[in-house]
Amino acid sequence: MTTTSTPVPRSLLVDRIGVLVTNDPGAGEGRLGRILDAALVVEEGRVAWTGPAGRAPAADARVDAAGRCVVPGFVDSHSHIVFAGDRGAEFAARMEGRAYEAGGIRSTVAATRAASDDALLARATELLGEARAQGTTTLEIKSGYGLTVADEERALRVAARLTEEVTFLGAHVVPQEYAADPAGYVDLVTGPMLRACAPHARWIDVFCERGAFDEEAARRVLTAGREHGLLARVHGNQLGPGPGVGLAVELGAASVDHCTYLDGADIAALADPASSTVATLLPGVDFSTRAPYPDARALLDAGATVALATDCNPGSCFSTSMALCIALAVREMRMTPDEALWAATEGGARALRRDDIGHLRVGARADLVLLEAPDPLYLAYRPGVPQVAAVWKDGERVAGRA
Ligand code: NIG
Ligand code: FE
């Protein structure tokens, strides 16, 4: 583990903050609710006060931000970190011209089934620590590399040790042993596998894509999940145009993720004020698979809610870096630096239907990041440079040194 933690003082004052991003337009300037020369007080793991440094109340402990900026912890609403094995060779082949295909998932399935529970937990814990050290304070984690009742259930048990945001993704791909009977696999996922997995998860997801699950199968999976109390999210429109976005909006999914290939109807559906489905863009995947980037500008200009997430997994994007996603979103997807930071924080919270994270309004969880930078613009301006000085989750310092 690369993280450290210290005892939580009853109250903590973070003082002399150059720029504080609250994501509360009522508390400061612009959509990010920026407060200059600011302070923030944490009490009992929650934000208790924000405002000008000169007016801050006293607290039991003090951190001097010395003019650096503080932003809400990143909310990474999409990852697959419960796995074993390595697909570096597949990445190398891709860089030599081979296309990314959904079927590569099966090689991770074989390695994951062969791994011990302890090995899976150790690997996932290490990746969570890596994410935390880079400013991620909430990480959604999916199953999807087990694809048997027992292997999916244990993946969810591992995930639940590490996060509240656990997603059942038995419908990731049809495993080899069901290659001749894909409908039989959907019966398994929507029947015994769902019954075993639902108690360990909050969400259900499906990879609705050519080479994975078609619209009808995806609808069955999400509907069955709902009947077991799971909320829907969808992998859609990654490898080509398809029904994923339309289905996600139709079923009121919290999020549809990837959105690399969208048509006008998809954008209109996501931007419809009656839709609460967030478009979660995963630019690290498009980078690592040499795919085109999604049209974030069209989504934002139409009024859709956009989130950014890593999709950390061994196949399509082996990165836990939300800062990389921000830099790619700004450079490659024409999001403004403010839009990208919002999407990596509040956007992720909305994709997880959470109102206690992703912002630093009074009452929010005290999940915050002190950046070794005078302005959050530096996340995109200095790509590839580690800039996280310290990270607090629920008011407890979990990485770095102030
Ligand atoms: O989100 N698209 C489906 N699942 C993952 C890829 C997983 C893999 O290649 O192992 C994704 O990109
Ligand atoms: Fe994914």
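**A colleague's note on the cavity, the sheet and the listed sites**

1. Searching the whole structure turns up one cavity of 30 Å³ or more. Please keep in mind as you look around that this is a predicted model. The volume of the largest cavity comes to about 100 Å³.

2. What lines the largest cavity? There are 14 lining residues.

3. Now for the record. In an unreviewed entry, UniProt lists R87, Y145, H172, Q238 and S316 under "binding site". From this set, R87, Y145, H172, Q238 and S316 belong to the lining of the largest cavity.

4. Let us take Y145 next. You will find Y145 in the loop that runs between β8 (141-142) and α4 (149-162). Is Y145 buried or exposed? Y145 counts as buried, because its relative accessibility is 3%, and the cut-off for buried is under 20%.

5. Q238 also sits in a loop, between β11 (231-236) and α7 (244-250). With a relative accessibility of 5%, Q238 therefore counts as buried. Which residues does Q238 touch, leaving aside those up to four places away in sequence? The contacts are Y100, F207, E209, H258, T260, Y261, V285 and S316.

6. Seven strands make up an open sheet, ordered β8-β9-β10-β11-β12-β13-β14, with parallel pairing. At the edges stand β8 and β14 (306-308); each has a single partner strand, so one side of each has no neighbour in the sheet. As a reminder, strands of a sheet pair through backbone hydrogen bonds, in either a parallel or an antiparallel way.

7. Strand β9 covers residues 166-171 and strand β10 residues 203-208, and three bridges join them in the parallel sense. F168 has I204 in β10 as its bridge partner. Helix α5 (residues 182-197) lies across β9 and β10, and α5 runs at about 150° to β9.

8. Finally, the domain. UniProt, again in an unreviewed entry, places "domain: Amidohydrolase-related" at residues 70-396. Over residues 70-396, the chain is 42% helix and 16% strand. How far apart are the end C-alpha atoms of residues 70-396? They are 15 Å apart.

Technical notes. Residues are numbered from 1 along each chain as its sequence is written. Chains are lettered from A and ligands numbered from 1 in the order in which they are written. This is a predicted model: local features need pLDDT of at least 70, side-chain atom pairs count only at pLDDT 80 or more; totals for chains, interfaces and linings use all residues. Side-chain values use heavy atoms; hydrogens and water are left out. UniProt positions are given in the numbering used here, feature names are shortened, and annotations may be inferred rather than shown by experiment. On a 1 Å grid over the protein atoms alone, a cavity is a set of points where a 1.4 Å probe fits but cannot get out, and a pocket is an open set with protein on both sides within 12 Å along at least five of seven lines; lining residues have an atom within 4 Å of a point. Helices (H or I, at least four residues) and strands (E, at least two) are DSSP runs, numbered from the N terminus. Buried means under 20% relative accessible area, exposed over 50%, partly exposed in between (1.4 Å probe, protein chains only). Contact means heavy atoms within 4.5 Å. Two strands pair if DSSP finds at least two bridges between them. Axes are lines fitted to C-alpha atoms, for helices over the stretch in contact, and angles run from 0 to 180 degrees between N-to-C directions. Grid points are joined across faces, edges and corners, and a volume is the space filled by probe spheres set on the points.
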